[in-house]
Amino acid sequence: MVTKTILKGTYCLLINLNKNQSIEIGKKGEIQFKKGCYVYVGSALNSLEGRIKRHLRQNKKMHWHVDYLLDSPHTQVTEVFYSDDGVKHECELAVQVALKRAEIKGFGCSDCKCQAHLFYFQNESQATLNCLDGFKKLKLEVKTLEDLNP
């Protein structure tokens with residue numbers, strides 16, 4: 001019998017928004033989003049792989065703030081970076097990503113004291129460099145979507 005390893009850890013979604021848009025984010029209400037690249041920082045200690053794959057799916061129950069953003073026809077997840085070291089580094093990584101960004105105040109952080117877990121960048125290369133730098137500063141091994149689907 002083969003047992004599957006359940007991955008646990010922290011991730012960043014790089015989300016491209018191809019036009020300025022106002023989006024209703026659950027109980028938070030309407031938020032104005034500028035065209036550009038957003039980085040969402042999250043974690044999963046139950047099934048990291050399942051959580052990431054859920055974010056990439058269409059037609060899902062709206063649960064997290066990011067679900068509403070990803071439900072827009074104008075958004076696309078362009079990359080996923082994650083660490084599966086079994087530890088929740090979500091808030092520490094959000095602090096690192098927040099150093100060179102514009103934050104979407106109160107987004108994705110209703111269960112912690114962070115200002116935000118969603119950050120705006122004008123372009124994807126800026127967002128990518130910032131994410132990778134955050135993982136590096138926290139001494140976390142970075143994996144990508146390709147590592148989830150060998």
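Q: What covers the buried residues of α4?
A: In this predicted model, the residues of α4 that are buried are Ala127, Asn130, Cys131, Gly134 and Phe135. Because they cover an arc of only 135 degrees around the axis, they lie on the same side of α4. What covers these buried residues includes β1, β4, β5, α3 (90–98) and β7.

Q: Which exposed residues does the face of α4 turned away from its buried side carry?
A: The buried side of the helix is made up of residues such as Ala127 and Phe135, both of which have under 20% relative accessible area. Exposed residues are those with over 50%, and on the face turned away from the buried side of α4 these are Leu129 and Lys136.

Q: How far apart are the end C-alpha atoms of helix α4?
A: Helix α4 takes in residues 124–137, which is 14 residues. At 1.5 Å a residue, the helix should therefore span 20 Å, and this agrees with the distance between its end C-alpha atoms, which is 20 Å.

Q: Which element gives the most to the largest nonpolar core?
A: The largest nonpolar core has 25 residues, and those with the most contacts inside it are Leu13, Ile15, Phe33 and Phe107. Among the elements that give two or more residues to this core are β1 (9–17), β3 (29–33) and α1 (48–56). With four residues, the element that gives the most is β1.

Q: How many residues does the second, separate core have?
A: Apart from the largest nonpolar core, which has 25 residues, there is a second, separate core that includes Val39, Ala94, Phe119 and Phe135. The number of residues in this second core is 17.

Notes:
Residues are numbered from 1 along each chain as its sequence is written. This is a predicted model: local features need pLDDT of at least 70, side-chain atom pairs count only at pLDDT 80 or more; totals for chains, interfaces and linings use all residues. Side-chain values use heavy atoms; hydrogens and water are left out. A nonpolar core is a set of buried Ala, Val, Leu, Ile, Met, Phe, Trp, Tyr and Cys residues joined through side-chain atoms within 4.5 Å. Buried means under 20% relative accessible area, exposed over 50%, partly exposed in between (1.4 Å probe, protein chains only). The expected span of a helix is 1.5 Å times one less than its number of residues. The arc is that of the directions from the helix axis to the C-beta atoms. Contact means heavy atoms within 4.5 Å.
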